[in-house]
Amino acid sequence: MALQPIVTLENVAKAYGTFTALHNINLEIGAGEFVTLLGPSGCGKTTTLRLIGGFETADSGRITLAGADVTQQPPYRRDINTVFQDYALFPHMTVAENVAYGLTVRANRKPPEERARRVREALSLVGLSDKADRMPQQLSGGQRQRIAMARALAREPKVLLLDEPLSALDVKLREAMQVELKHLHQKLGITFLMVTHDQQEALVLSNRIAVMKGGHIAQIGSPSELYDRPATPYVADFIGAANLVPATFLGSEGGFARIRMPDGAMLSGVAVGSGEKLREGEAALIAIRPERLRIGESRHGLPLTATVVDQLFHGGRFQLELRFDKVETPVFIDVHRASVADDGAVPQPGNRVPLSVAAPDVMVYAAEAAA
Amino acid sequence: MKARTRQRLSFWLLFSLPLAWTVLFLILPYLSMGMMSFWTRKFPLFVPDFQFGNYIQLFSDPQYSAVIFRTMKIAGLVTAYSVALGYPLAYFLVFTIRSEKLRTLLYMCVVVPLWVSYLLRAYTWKIILGTDGALNSALLWLGIIDQPLDIFLYNQAAMVITLTYIFIPFMVMPIFTALERIPSNLIEASQDLGAGPFETFLRVILPLSTAGIVAGATMTFCLSFGDFVAPVLVGGPSGTMVATVLQSQFGAALNWPLGSALAAIIFALVLVVLQVSSKIDRAGRVSMG
C-alpha cells in the first residue's frame, strides 16, 4: 500500500466465552483512507471496531495507531473518536456542551477561546450552528447524527470510527447523509473506518471495503475490485446481486476455464474466481452479475438459453426471473424500459429466451466455497 | 336516556369511588387534625375553640423546637449515611457485577430485609449494641475491653445506625434503577472523548442518577423523620424524636389539641421537603431517549 498505515491489526483475535468473534484478523488502514467493514450481523465487524476504539480488549494480537502499540490502552488514551450507532449524546447537556465535552476533559482541556472556536467550527461543519443551545432530545434523528459527528470531529482525531452511522435514519435521509459523509471525508482528509451491513453504503463511500464473514475477512479491496472480481461466491452474493448457478469444471488454461452447464452447454474462456484449485470434472459454482447477462444472441458472447418464470415490474425496469434447464436456482436479469421498443417486447413467463454473456464476466468458484 | 346524561352519569360513577376514598381517608382526617389543633384542653376534655395557644406553646417552649431540630438532624444524618453507603452499593451492582443472575441475587439481598418485620429489624440492633450484645462480646473476646461498655446503646448514634440499616433499601432501589437506565454507550462515549473513569463518573453517571438519589433521599428522610420505634428501642432519653412526643400527646399526656398542632407542623415540614425534592428532581431529570 502506498499510503502510510495509520491503524494496523496483526493477528487480532477475540472470543466471548465459547463464541469466537474474531479469528486472527490482519488489517492495515492507510492514513486518509475511507475503509468500510461490511458483513451481516455476527460477522465480527463491530467487534473489530470496538477493539480499535478500545471498548474491548483483544485476547491476542497487536493493534497499532500511528505506529504506537495501543492494544492495552483504554479508549480515553487513544487518539481516535467514535460516532456511535445511536449517537450516544449526553442527554443532560446542550448540543454545544456535548460538542465541547472532548475539549474540556482533564487530559485535553483547551482554553475557553479555543474551545468556543472549535465547537463553532465543528457545528458549522455539520451545518447546525443554530442548534448550539438545544438539548439533544429536541433534535431530529438526522440532526443528532450530525451532532455526534461534530462532537467526535471537534477533537480532531487521527481516525474517526463510525458504527453503523446511518442505520437509524430513513432511506431518503440516509442517502443525503451518505453524500455528506463522503464530502466530509474528502474535506477533512482524516481516516474514516466505518462499520455497516449495507453494501450499497459501503460501495458508495469507501476507498476500500473489507467483507467479513464468521470472524474472518473474506476479502478486502476497492469497491470495483470486490464487485468485479469477488474472491468467493459469498462476496459475490453479499456485494451487489449475483446469479449463482451450479456447473461442472472441465479444465483451465492461463487463468481461463472451461465449464459445462447442467443442460450440457459448454462455456470456455470464463474467469477463475477463487484461489482454490479446481480439479477436472469437479462440481463448481458460477457467478454472473445480472447486468452482464443480455437477452438475445451476440457474436462475442457465450450463448445460453433459459425459460422465463416470472416478470416483476420495478417502475423504471422489469426484473425477469429465469431458469436454466436442469437448474433449480433462479436467475435474475434486469430489462430497462428504455432498452425495449415497448413493454410488450419484454419476454413473458413461459417464453424461452436466448441469452449471452461475455466470457470474462462469468466467474467460476469451487462449489464447496458457497455458503 | 340522552347520550350526554349517560356520559355524565358514567363519569360520576367512575370517579365517585376514588373521590370518596380520598375524602374519607385523607381530607377528613387532615381537616379534623387541623381543626383540633385550635381546640383547648380542659382536662379531661377537649373543647372546640379557635385559638393559637397550642402553636404558641410549641414555638415558645424550647423543649419542642429542640426535639424537632434533633429529629431533623437525625433524619438528615440517616439520609446522608444512606447515600454514602447505598450509592456505592448500587453502583457496584450495576457496573461491576457482570453476571445478570448474581446481580439479581444481590439486589434481592438488599430488598429481602423489607419482608422482615420492621420491629424485629430495629430490635436486632438492640441485641447487637446492648451491654451483653454481640458487639461487646466480640470486643471482650478480642481483649480490647475488660468490661462490657454501655456507650453503644441508648444514644443518637445508635438511632442513626438502626434507622440507616432499616431504610437503606429505600435508597438503594431508586439509585439502582437510575443507574441501570443509563445506556452503556454514554459511558463509552465519555471515555471515547478522553474522560477517564472518575471524570466519567462525575460528569455523566452522577448527573444522570441524580433523580434516583433525590427519590431515595426524600423517602429515607421522610420515613426516618416520622419514625417512633427506633427512639423507643435504641434511642434512650437523649434520642427522643418528634414522633415519640407526638405519640405521648395522644397517649399518656392526653393532650390531643397540642398533638394535633405538632402534627400540623410536621405535616408542613414534610410538605416543604417534598416540594424542594420535586424541584431538584425536575431540574435534574432528563429523558434518556
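Domain bounds here come from an automatic or database domain assignment. On that basis chain A splits into domain 1 (5-234) and domain 2 (235-369), and the C-alpha centres of domain 1 of chain A and domain 2 of chain A sit 38 Å apart. The contact between them draws on twelve residues from domain 1 of chain A and 13 residues from domain 2 of chain A, where two residues are in contact if their C-beta atoms, placed from the backbone, lie within 7 Å. On the domain 1 side, the elements giving two or more residues are helix 6 (199-205), strand 10 (216-221), helix 7 (223-228) and helix 8 (233-238) of chain A. Helices (H or I, at least four residues) and strands (E, at least two) are DSSP runs, numbered from the N terminus. By class, that side of domain 1 of chain A has nine nonpolar, three polar and no charged residues. Ala, Val, Leu, Ile, Met, Phe, Trp, Tyr, Cys and Pro count as nonpolar, Asp, Glu, Lys and Arg as charged, and the others, Gly among them, as polar.

A word on the model itself. It is predicted, and local features need pLDDT of at least 70, side-chain atom pairs count only at pLDDT 80 or more, and totals for chains, interfaces and linings use all residues. Residues are numbered from 1 along each chain as its sequence is written, while chains are lettered from A and ligands numbered from 1 in the order in which they are written.

Now for chain A as a whole. Its C-alpha trace spans about 75 × 50 × 40 Å along the principal axes, and the chain holds eight helices and 20 strands. Of the 371 residues in chain A, 41% are buried; a residue is buried if 20 or more other C-beta atoms lie within 10 Å of its own, exposed if 12 or fewer, and partly exposed in between, with C-beta atoms placed from the backbone. Among contacts in chain A between residues at least 6 apart in sequence, 66% link residues at least 24 apart.

Helix 1 (residues 45-53) of chain A has nine of its nine residues buried, so it is largely enclosed by the rest of the structure. Among those buried residues are A:Lys45 and A:Arg50, along with A:Leu49, A:Leu51 and A:Ile52.

Next, the sheets of chain A. One is an open sheet of six strands in the order 6-7-8-3-9-10, with mixed pairing; two strands pair if DSSP finds at least two bridges between them. Its edges are strand 6 (80-83) and strand 10 of chain A, each pairing on one side only. Neighbouring strands of this sheet are turned by 20° against each other on average, direction ignored; axes are lines fitted to C-alpha atoms, for helices over the stretch in contact, and angles run from 0 to 180 degrees between N-to-C directions. Strand 6 of chain A runs parallel to strand 7 (residues 159-163) of chain A, and four bridges join the two. In this part of the sheet, A:Val83 stands opposite A:Leu162.

Chain A also has a barrel, closed by five strands in the order 11-12-13-20-14 with mixed pairing. Here the twist averages 55° from one strand to the next. Strand 12 (residues 256-260) and strand 13 (residues 266-272) of chain A are antiparallel and share five bridges, with A:Arg258 facing A:Ser268 across the pair. Elsewhere, strand 17 (residues 317-324) and strand 18 (residues 331-336) of chain A run antiparallel with six bridges, and A:Leu322 has A:Val331 as its bridge partner. These two strands form a hairpin with six residues between them, and A:Lys326 in the turn has a positive phi of about 65°.

A:Arg292 sits in the loop between strand 14 (283-288) and strand 15 (294-295) of chain A. With 18 other C-beta atoms within 10 Å, A:Arg292 is partly exposed. Leaving out residues up to four places away in sequence, A:Arg292 touches A:Val357, A:Ala358 and A:Asp361. Its C-alpha atom is 8.5 Å from that of A:Ile333, 41 residues away along the chain.

Finally, chain B: 19 residues of chain B are in contact with 21 residues of chain A. Helix 8 (184-192) and helix 9 (197-208) of chain B each supply at least two residues of the chain B side, and helix 8 of chain B gives the most, with six residues.
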